[in-house]
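Subject: Structure handover

Hello,

My notes on it follow.

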Amino acid sequence: MTDVIYRPTQSSRRARIALRWGLYLMLSVFAFWYLLPLFVMLTTSLKNLEEIRAGSLLALPREITLEPWRTAWSGACTGIRCDGLQPFFWNSVMLAVPAVMISTLIGAMNGYVIAQWRFRGANLIFSLMLFGCFIPFQVVLLPMARMLGIMNIAGTIPGLIFVHVIYGIGFTTLFFRNYYVTIPAELTKAAKIDGAGFFRIFWSIFLPLSLPIIVVTVIWQFTQIWNDFLFGVSFSQAGTQPITVALNNIVNSTTGVKEYNVDMAAAIIAALPTLLVYVVAGKYFIRGLTAGSVKG
Amino acid sequence: MSPILEIQGLFKNYGSTEILKDINVSINKGEFLVLVGPSGCGKSTLLNCIAGLEPISGGSIRIGGQDMTHVSPKDRNIAMVFQSYALYPTMSVAKNITFGMQVRGVDKATQASKLAEVARQLQIEPLLNRRPGQLSGGQRQRVAMGRALVRDPALFLFDEPLSNLDAKLRVEMRTEIKRLHQDLGASMVYVTHDQIEAMTLATKIVVMKGGVIQQIGTPHEIYTRPANTFVADFMGSPAMNLIPARATPATEGSFIEIGCDTGQPIRLHDPRMAGLSGDILLGLRPEDIVEAGQRHGPLVQNGSVMVEVVEPAGADTFVVARLGGKEVTSRLSADTGAKPGKALEFGFDLSKASYFSPQDGARMS
């Protein structure tokens with residue numbers, strides 16, 4: 001009798017362990033598959049050109065050189081200029097930081113109004129904003145170019161900031177609105193009775209509550225804006241191009257020998273800030289995404 | 001002296017839906033008004049209208065003798081305690097209590113002294129540096145009350161403040177609110193769906209249903225002389241028995257005959273009620289149906305009925321019988337000899353009886 005009861009539990013335990021190991025194996029395979037390109041990029045960027053030409057793609061560098069990184073940062077040629085990525089990196093910073101901050105702030109304000117100050121037509125306006133999220137970039141290119149011309153900010157960094165803020169508001173509003181609808185309306189009522197006005201309630205009560213969703217929005221917006229190529233290439237000129245456009249130019253405008261190591265280093269440099277944002281704030285990202293679903 | 005709160009002809013519509021219809025209520029300083037009714041009766045909406053959190057569609061609201069119909073909530077000289085407490089989650093308890101004063105620009109020294117006073121009054125001194133998330137339900141409730149008390153308003157508003165607490169704590173806090181009311185002599189409007197809370201706290205009760213006031217009165221009036229069958233049924237636990245009966249005029253007063261499924265009909269005589277005839281509903285509280293011989297008086301009249309269920313509840317025993325085709329509950333003493341399936345001689349205390357029309361449920365006297 002005991003035998004009969006005992007056996008299945010042991011075999012089920014064995015099955016569980018096997019399943020667990022199978023799971024790890026599967027995950028490892030996928031992780032390896034996913035990280036392989038990054039590995040190739042990193043090793044290639046640390047090899048010199050001869051080694052790249054001679055060796056295998058997957059081999060570790062025999063001699064580590066930082067020269068390609070130096071070239072990518074301050075010496076590579078984009079068209080006729082040969083200052084590397086550096087000036088464009090700062091263009092992107094000057095573009096992304098204000099654009100992220102402004103669009104996040106406006107999104108927070110919009111979300112606060114739509115979720116907590118229910119007014120006639122609030123749902124319609126929210127739906128229209130949502131609709132704005134689904135308009136493809138390409139559709140707005142021409143009207144936007146015309147608009148920037150009229151506003152006299154065509155080809156400037158403020159112009160690009162404007163474009164990204166406008167395009168980002170739909171998403172940021174969505175994030176904040178969905179976060180703020182979970183906050184009981186009684187909180188706003190209590191603050192009203194305490195005498196706080198529209199902005200006071202926003203600053204003193206809602207913004208301090210918003211850290212998780214601010215992190216989500218900042219990561220989302222920063223990634224979008226930093227990685228954007230289409231708006232960058234369409235609405236910038238020689239001195240104001242963001243890093244993505246410069247990267248493209250470096251890779252495409254080499255003369256003579258193709259410097260793979262420099263290209264790889266440049267690509268990693270261009271991707272580093274978004275990577276950094278994820279590493280620093282990634283924990284909050286997951287937390288913020290699931291915040292609305294489970295009440296704390 | 002003018003009433004502290006005076007609501008005249010108040011209407012509230014959402015679109016074409018009427019939420020509140022012709023509300024007229026007034027209370028004097030120091031009164032404790034309880035708005036009670038089933039969910040969806042408009043009691044919370046009425047409270048929000050008094051607070052100015054909901055605009056009204058018609059009528060007027062005066063607080064402290066001033067017309068406040070179109071005044072914003074912060075200028076109405078009120079304080080409100082919410083069901084969910086609505087404490088500011090990112091602020092400490094102290095900040096929660098002083099936030100209103102801070103917004104109104106009260107100087108720091110006054111803020112500190114008022115905070116200290118309220119904290120002592122509610123015994124929340126050790127909690128002042130905590131966040132609301134670190135408090136228990138009862139503690140949050142105290143902090144929410146502290147936020148209202150510190151304002152020292154003309155009128156306190158409570159929106160079901162106890163319904164998120166467990167049963168034991170609810171009774172404790174109920175007593176505490178009553179004590180606060182007595183100590184402060186403050187005027188309060190309190191919303192609840194719990195009729196026991198209403199009975200224990202109120203000096204005046206407003207019973208509402210479907211956006212219409214059914215009855216306004218002291219707890220005693222509401223309990224002993226309900227205006228209609230809704231109030232009779234809603235207030236009191238177990239509810240008032242509404243027994244279908246037939247009345248015929250007598251030389252003095254009226255005869256009341258109650259059909260009985262398992263025996264002789266019961267014939268009662270109420271000399272006070274002249275000219276009753278036809279179908280009526282006889283309203284009797286469970287405690288006004290006693291064992292024969294337990295209560296004396298000319299209006300205590302006996303009848304024998306078969307007992308269906310006996311429910312001992314400690315201090316009392318509830319005995320259910322069937323009269324006029326309906327279950328009738330009586331509250332008997334714990335040592336009653338009633339047994340299911342056996343007939344029992346009941347005494348009906350008609351001095352406490354109410355009579356209602358079966359058509360519209362209205363009180364007939």
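To start in chain B, B:Q8 stands opposite B:S60 in β4(B). The model is a predicted one, and what follows should be read as a description of that prediction.

The six-stranded sheet of chain B

Chain B has another open sheet, made of six strands in the order β6-β7-β8-β3-β9-β10, and its pairing is mixed. Its edge strands are β6 (78-81) and β10 (212-217) of chain B, each pairing on one side only. On average, neighbouring strands of this sheet are turned by 15° against each other, with direction ignored. Within the sheet, β3 (residues 32-36) and β9 (residues 204-209) of chain B run parallel and are joined by four bridges. B:L35 stands opposite B:V206 in β9(B).

Other points in chain B

Helix α5 (residues 167-184) of chain B has 18 residues. From its first C-alpha to its last, α5(B) reaches 26 Å, close to the 26 Å expected at 1.5 Å a residue. Just after α5(B) comes B:G185, with a positive phi of about 65°.

In chain B, the peptide bond from B:S237 to B:P238 is cis, with omega near -5°. B:P238 is found in the loop between α8 (229-234) and β11 (241-249) of chain B. In chain A, A:N152 is a residue other than glycine with a positive phi, near 65°. A:N152 is found in the loop between α6 (137-150) and α7 of chain A.

How do the helices of chain A pack? Two packed helices are described by the angle between their axes and the distance between the axes.

Helix α7 (residues 157-180) and helix α10 (residues 211-227) of chain A pack at an angle of about 155°, with their axes 10 Å apart. An angle over 145 degrees counts as roughly antiparallel, so α7(A) is roughly antiparallel to α10(A). The crossing of α7(A) and α10(A) is right-handed. On the α7(A) side, the residues that meet α10(A) include A:H164, A:G168, A:F171 and A:Y179. On the α10(A) side, the residues that meet α7(A) include A:I213, A:V216, A:W220 and A:I225. By class, this contact of α7(A) with α10(A) has eight nonpolar, six polar and no charged residues.

α7(A) also packs with helix α4 (residues 86-116) of chain A: their axes come within 6 Å and cross at roughly 35°. The crossing of α4(A) and α7(A) is right-handed. By class, the contact of α4(A) with α7(A) has 19 nonpolar, eleven polar and one charged residues.

The contact between the chains

In the contact of the two chains, 14 residues of chain A meet 17 residues of chain B. On the side of chain A that touches chain B, the elements giving two or more residues are α8 (185-193) and α9 (198-209) of chain A. The largest share, six residues, comes from α8(A). By class, the side of chain A that touches chain B has eight nonpolar, one polar and five charged residues.

Regards

Methods: Residues are numbered from 1 along each chain as its sequence is written. Chains are lettered from A and ligands numbered from 1 in the order in which they are written. This is a predicted model: local features need pLDDT of at least 70, side-chain atom pairs count only at pLDDT 80 or more; totals for chains, interfaces and linings use all residues. Two residues are in contact if their C-beta atoms, placed from the backbone, lie within 7 Å. Ala, Val, Leu, Ile, Met, Phe, Trp, Tyr, Cys and Pro count as nonpolar, Asp, Glu, Lys and Arg as charged, and the others, Gly among them, as polar. Axes are lines fitted to C-alpha atoms, for helices over the stretch in contact, and angles run from 0 to 180 degrees between N-to-C directions. Angles under 35 degrees count as roughly parallel, over 145 as roughly antiparallel, 65 to 115 as roughly perpendicular and the rest as oblique. A crossing is left-handed if the near helix is turned anticlockwise from the far one by less than a right angle, and right-handed if clockwise. The expected span of a helix is 1.5 Å times one less than its number of residues. Two strands pair if DSSP finds at least two bridges between them.
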